[in-house]
Amino acid sequence: MAKKNAWLSGVTAPLMVGMVLLAVAFHITANAQPSAAAGEVIIDNFSFGPQTITVPVGATVTWINRDDIPHTVVSTEGVFNSKVRDTDEKFSYTFSKAGTYAYYCSVHPKMTGKVVVQ
């Protein structure tokens, strides 16, 4: 009988500790603040992809130039304006207000895109 109780204690104690750790982990995860969202736009073949991206307020959008030639990312309303970005260079902007933000490449004005912030 002593062996049975010792075995039961040896199994029950780790199970109880595991359950407590899971409960604590769940509580921490459930109460954690969500991280700021992010979006990504790829510049390639003289276009922005996706052409329209929707993100929440507070999100940071990063444009990455995958094209062989330089491009810019310029807001039509003057909200943001990147320097010329060469191949594999990035430009990021954090959107703090809801709205629709149209943009274009100043080197190639027919290249256009839009960020919708909700």
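Helices (H or I, at least four residues) and strands (E, at least two) are DSSP runs, numbered from the N terminus. By this count I found one helix and eight strands in the protein. I read the order of elements from the N terminus as α-β-β-β-β-β-β-β-β.

I noted that this is a predicted model, in which local features need pLDDT of at least 70, side-chain atom pairs count only at pLDDT 80 or more, and totals for chains, interfaces and linings use all residues. Residues are numbered from 1 along each chain as its sequence is written, and side-chain values use heavy atoms, with hydrogens and water left out.

I then looked up the sheet. Two strands pair if DSSP finds at least two bridges between them. Four strands form an open sheet with mixed pairing, in the order S3-S8-S7-S5. Strand S3 (52–55) and strand S5 (74–75) are the edges; each has a single partner strand, so one side of each lacks a neighbour in the sheet.

I followed the pairs in turn. S3 runs parallel to strand S8 (residues 112–117) over four bridges, and Thr54 stands opposite Val116 in S8. S7 and S8 are antiparallel over six bridges; there, Tyr101 has Val115 in S8 as its bridge partner. S5 pairs with strand S7 (residues 99–104) in the antiparallel sense over two bridges, with Val74 opposite Tyr104 in S7.

Of the 118 residues, 26% count as buried (under 20% relative accessible area, 1.4 Å probe, protein chains only). Among contacts (heavy atoms within 4.5 Å) with a separation of 6 or more, 48% join residues 24 or more positions apart.

Definitions and conventions. Buried < 20%, exposed > 50% of the residue type's maximum accessible area, 1.4 Å probe, protein only.
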